[in-house]
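Welcome! Have the sequence and the 3D view open side by side, and let us take a short tour together.

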Amino acid sequence: ATPQHLIDLHDEPLRTGPEYDAFTIIGGTAVGKLTGGNIAVLTAMVGTDFSPVFKDKIVFLEEIGEAPYRVDRMLTQLLQATDLNKAAGIVLGIFNDCEQKGDSPTLKLTETLRDRLSGLHIPVYYGAPFGHIANQCVLPYGIKAAMDADKKTLTLLEPAVQ
């Protein structure tokens, strides 16, 4: 039997703020190898020999301490400069401390994520238990995984180590 590990919303016991409110942007399921990381770091690698390749992969993304307009800019850059639109699916972690401070007019984080990602025609959901949070799961690069954006689950289909 193939080893599997289910990662769902119940894996984060300290769900204390609105940043933990999970939601589906585009429903559906996908299977692919895992890749991803922090959006600011991935954006900084665009145009280098280390530029991310997302085609046919399940991409996990997270961010910390960035206002929604900055998340918007970085996602726009990834969408325009990489093959993110050809990913099998996108799993968004917890975007800790990413709401606008003060009263300047801006989209909320949830509105920003929906605006940038809802036109991709691939499964996308927000709220997986990874990112800069107290109890995060570690996602291994390169192993096969399955995601279900409607159930908001990610299942690792291979062992992370031999």
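Is Met-45 buried, partly exposed or exposed? Met-45 is partly exposed because its relative accessible area is 25%, where buried means under 20%, exposed means over 50%, and partly exposed lies in between, with a 1.4 Å probe and protein chains only.

## About the model

This is a predicted model, in which local features need pLDDT of at least 70, side-chain atom pairs count only at pLDDT 80 or more, and totals for chains, interfaces and linings use all residues. Residues are numbered from 1 along each chain as its sequence is written, and side-chain values use heavy atoms, with hydrogens and water left out.

## The overall fold

Let us start with the whole chain. The protein chain has three helices and eight strands, which are DSSP runs numbered from the N terminus (helices are H or I with at least four residues, strands are E with at least two). Starting at the N terminus, the order of elements is β-β-β-α-β-α-β-α-β-β-β.

The protein chain has a radius of gyration of 15 Å, which agrees with the value near 15 Å for a compact globule because the chain has 162 residues. That radius is taken over C-alpha atoms, and the globule rule is 2.2 Å times the number of residues to the power 0.38. Along the principal axes, the C-alpha atoms of the protein chain fill a box of roughly 55 × 40 × 25 Å.

## Surface and contacts

Of the 162 residues in the protein chain, 49% are buried. The accessible surface of the chain is about 8100 Å², and carbon and sulfur atoms hold 52% of that surface; areas come from the Shrake-Rupley method with a 1.4 Å probe, and for residues only the protein chains shown count as cover.

Contact means heavy atoms within 4.5 Å. Among contacts in the protein chain with a separation of 6 or more, 80% join residues 24 or more positions apart.

## The largest pocket

The largest pocket holds about 190 Å³ of space. Of the 13 residues that line this pocket, Pro-18, Glu-19, Phe-95, Glu-99 and Leu-109 are the closest to its centre. On a 1 Å grid over the protein atoms alone, a pocket is an open set of points with protein on both sides within 12 Å along at least five of seven lines, while a cavity is a set where a 1.4 Å probe fits but cannot get out; lining residues have an atom within 4 Å of a point. Grid points are joined across faces, edges and corners, and the volume is the space filled by probe spheres set on the points.

What kinds of residue make up the lining of the largest pocket? The lining has six nonpolar, one polar and six charged residues. Here Ala, Val, Leu, Ile, Met, Phe, Trp, Tyr, Cys and Pro count as nonpolar, Asp, Glu, Lys and Arg as charged, and the others, Gly among them, as polar.

Met-45 sits in helix H1 (residues 39-45). Leaving out residues up to four places away in sequence, Met-45 touches Phe-50, Ser-51 and Pro-52.

Gln-4 is in the segment before strand S1 (5-7) and counts as exposed because its relative accessibility is 57%. Beyond its neighbours within four places in sequence, Gln-4 is in contact with Thr-155, Leu-156 and Leu-157.

## Two positive phi angles

Most residues other than glycine have a negative phi. His-121 has a positive phi, near 65°, and belongs to the loop between helix H3 (109-117) and strand S6 (124-131). Lys-152 has a positive phi too, near 60°, in the loop between strand S7 (144-148) and strand S8 (153-156).

Which is buried or exposed here? His-121 is exposed at 71% relative accessible area, whereas Lys-152 is buried at 17%.
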